[in-house]
Amino acid sequence: MVKNLVELRGLKVAFDGVQVLHGIDLDIARGEAIGLVGESGCGKSVTWLAALGLLPGKATVSGSVRVDGQEILAQPRHVLEGVRGKRIAMIFQDPSSSLNPVLRVGRQITEALAIHRGLHGEAAKAEALRLLDMVGIPDARRRIDLFPHEFSGGQCQRVMIAMALAGEPDLLVADEPTTALDATIQAQILDLLIALRAETGMATIFISHDLGAVSQVCERACVMYAGRIVEQGTIQALFDNPRHPYTRGLFDAIPRLDGPRERLIPIPGTVPNPRDLPEGCAFSPRCSHAAIDCRTRMPVLSATDDGRLLSCHHPVGSHPPIGVTHPVGARVLEALS
Amino acid sequence: MSEHFKTPLIEAKGLVRTYEVRQGMFGRATPVRAVDGIDLRVMPGETLGIVGESGSGKSTLGRMLLGIDPPQEGQALFEGKPMPKLATPEWRALRAKMQFVYQDPLAALDRRLTIAEQIGEPLAIHNLVPKPHRETRVAELMSAVGLRPDQAGRYPHELSGGQRQRAVIARALASRPKLLVCDEPVSALDVSIQAQVVNMLRDLQEKNHIAMVFISHDLKVVRNIADRVAVMYLGRIVEEASSDVIFKTPLHPYTKALVSSVPVPGKLLQGRVILQGEPPNPANRPSGCAFHPRCPLAADICRTSVPQLLSVADGRTAACHMVTRAEASVAA
């Protein structure tokens with residue numbers, strides 16, 4: 001038996017000859033929750049759309065995606081269909097545009113049950129009701145025959161999650177599932193994702209630009225920049241002691257809900273255009289720690305002694321992390337104790 | 001204390017705005033009170049943050065403060081004088097003193113004009129700067145918001161999201177306004193860029209002594225930029241206080257839930273107040289306190305009587321039976 005559920009190796013994507021993903025390596029163990037964070041255009045969504053063969057034809061995808069040791073990249077449709085929705089399910093940011101507006105939600109869920117589990121008729125309906133109950137749709141028996149527009153945004157996202165669970169997937173890929181929702185509803189959906197994972201034991205990939213949300217759902221996170229993973233480690237390691245200047249910059253740029261109302265510390269400049277990536281480290285033009293070698297030599301993602309992966313010639317932060325001084329880290333330890 | 005005697009730059013008194021909403025093509029139109037009796041005041045140079053979920057009426061309120069959406073009841077006063085009627089010459093003249101910044105800069109900019117032309121437009125419309133000097137003033141405005149001189153000839157689609165929002169802000173500043181109403185100005189931007197724009201707004205405001213109404217659903221950004229914060233729920237203000245105290249010691253159960261719903265990086269989910277249910281439909285407003293169906297503290301009185309926004313401490317108000325009762329018993 002293969003140890004990892006999913007293994008990505010050297011996953012690359014180009015659109016019309018412009019390389020946007022530069023080789024992603026990632027292992028997902030059974031039941032694990034991994035966060036992918038980064039700003040728009042860093043490739044966090046494209047990674048999973050490419051892995052599941054959901055990109056349009058003009059995209060060139062190369063590398064390897066293995067599910068339980070079986071290659072799925074560039075495989076015929078029937079192989080992919082056995083994985084998509086069944087082994088790996090995906091939910092998106094805008095639930096109302098992912099649901100079919102002219103079909104009743106019950107029908108949409110039973111359709112998934114018929115395809116992936118061969119359930120029909122009363123058995124399928126009973127299972128759809130169970131799923132709707134599980135994701136917290138109140139009064140599911142009456143509402144199963146309603147149309148998507150009769151549900152609120154948060155409830156549409158719950159329906160999407162119920163549909164994703166229909167195939168009893170081993171991995172749920174959630175792409176910004178709470179970004180379009182109100183704060184109090186966002187908290188409910190995060191809570192639901194955590195509860196479902198505890199109940200079903202499925203692994204979760206949580207794609208988000210919100211570091212706060214990622215740290216609540218996941219044990220491990222990858223920080224991506226310009227189509228590459230620049231730092232990867234446990235949530236605690238990343239938040240205690242971010243080593244990549246970009247990770248550190250992302251933390252510093254977030255305003256705080258406590259402490260003094262100081263000026264924010266932005267990351268200068270903007271994300272580079274993928275057509276025109278800087279030489280050496282892609283982050284070097286915005287980096288306060290950049291030296292000469294950063295502008296000429298590309299850093300390689302490699303393991304450090306404390307078990308994280310890092311791609312930086314001149315990392316920030318203390319090493320090894322003795323005596324946490326970073327305020328965010330101190331708060332993590334407080335919360336854990 | 002002298003603040004009380006100064007004239008507020010803008011003051012709202014009992015603002016009400018109702019929309020007619022039809023259920024289906026032949027359904028009866030039902031009135032929806034999007035803004036339901038709002039009182040507020042903003043002093044010159046002060047920033048008032050307005051937070052709330054979608055449908056709470058915060059954007060409608062912003063438009064009403066500028067007179068774009070006329071109130072059905074109540075009135076807005078600018079420098080102590082009633083707002084002139086929409087689209088009259090007096091209103092247009094006043095609009096130079098109050099500007100609006102929207103969430104989506106691409107929609108707010110004209111795709112066929114260069115950004116320098118757009119930043120210069122208010123100068124021409126309000127006839128503020130004679131034509132020969134306009135170019136200099138545009139260059140000044142661009143540098144004030146951190147745009148490079150070589151970007152003057154660019155079209156909106158050639159700029160990044162952050163740069164577009166800078167251009168929108170430069171255009172808003174062109175007429176030297178006294179009030180800026182910003183509706184979710186940084187929500188569409190990435191964190192690193194968001195921090196750049198927030199800092200810029202703070203600097204510009206401090207330098208030019210501009211008052212600001214900052215509407216956002218992002219509590220962290222509002223806390224950073226606002227002096228005072230009003231929390232809205234279903235068309236009403238439920239709590240108002242300085243931004244330092246309101247997030248530290250929220251009183252209203254809804255504010256408490258909002259503050260607790262903000263995921264703090266590195267903090268675990270445990271111990272958070274997670275509200276049950278969804279914000280109710282404004283067309284079908286619950287009786288009594290609109291928040292009572294979701295409120296963990298709700299008692300009988302909350303189902304029948306509407307709580308008024310009352311002063312609970314120096315400079316802070318709340319509309320909650322449970323809070324005002326507790327404060328009264330402390331005082332007694």
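Modeller: Helices (H or I, at least four residues) and strands (E, at least two) are DSSP runs, numbered from the N terminus. This is a predicted model, where local features need pLDDT of at least 70 and side-chain atom pairs count only at pLDDT 80 or more, while totals for chains, interfaces and linings use all residues. Residues are numbered from 1 along each chain as its sequence is written, and chains are lettered from A and ligands numbered from 1 in the order in which they are written.

Colleague: Which residues of helix 11 of chain A are buried?

Modeller: That helix is mostly covered, with seven of its nine residues buried. They pack against helix 9, strand 9 (220-225), strand 10 (228-234) and helix 10 (235-240) of chain A, together with helix 7 (191-208) of chain B. The buried ones are Pro245(A), Tyr246(A), Thr247(A), Arg248(A), Gly249(A), Leu250(A) and Ala253(A).

Colleague: Which helix gives the largest share of the side of chain A that touches chain B?

Modeller: Counting contacts (C-beta atoms, placed from the backbone, within 7 Å), 42 residues of chain A meet 37 residues of chain B. Two or more residues each come from helix 8 (183-200), helix 9 (211-217), helix 11 (245-253) and helix 12 (327-336) of chain A. The largest share, nine residues, belongs to helix 8 of chain A.

Colleague: Which strands stand at the edges of the chain B sheet?

Modeller: Strands pair if DSSP finds at least two bridges between them. Eight strands of chain B form an open, mixed sheet in the order 6-7-8-3-9-10-12-11. Each edge strand has a single partner, so one side of each lacks a neighbour in the sheet: they are strand 6 (98-101) and strand 11 (310-313) of chain B.

Colleague: And what is the bridge partner of Glu239(B) in strand 12 of chain B?

Modeller: Strand 10 (residues 236-242) and strand 12 (residues 316-318) of chain B pair in the antiparallel sense over two bridges. The partner of Glu239(B) is Ala318(B).

Colleague: What radius of gyration does chain A have?

Modeller: The C-alpha trace of chain A spans about 65 × 50 × 40 Å along its principal axes. The radius is taken over C-alpha atoms, and the globule rule is 2.2 Å times the number of residues to the power 0.38. For 337 residues a compact globule would come out near 20 Å, which agrees with the value for chain A, 21 Å.

Technical notes: Contact = placed C-beta atoms within 7 Å. Buried ≥ 20, exposed ≤ 12 C-beta atoms within 10 Å, placed from the backbone.
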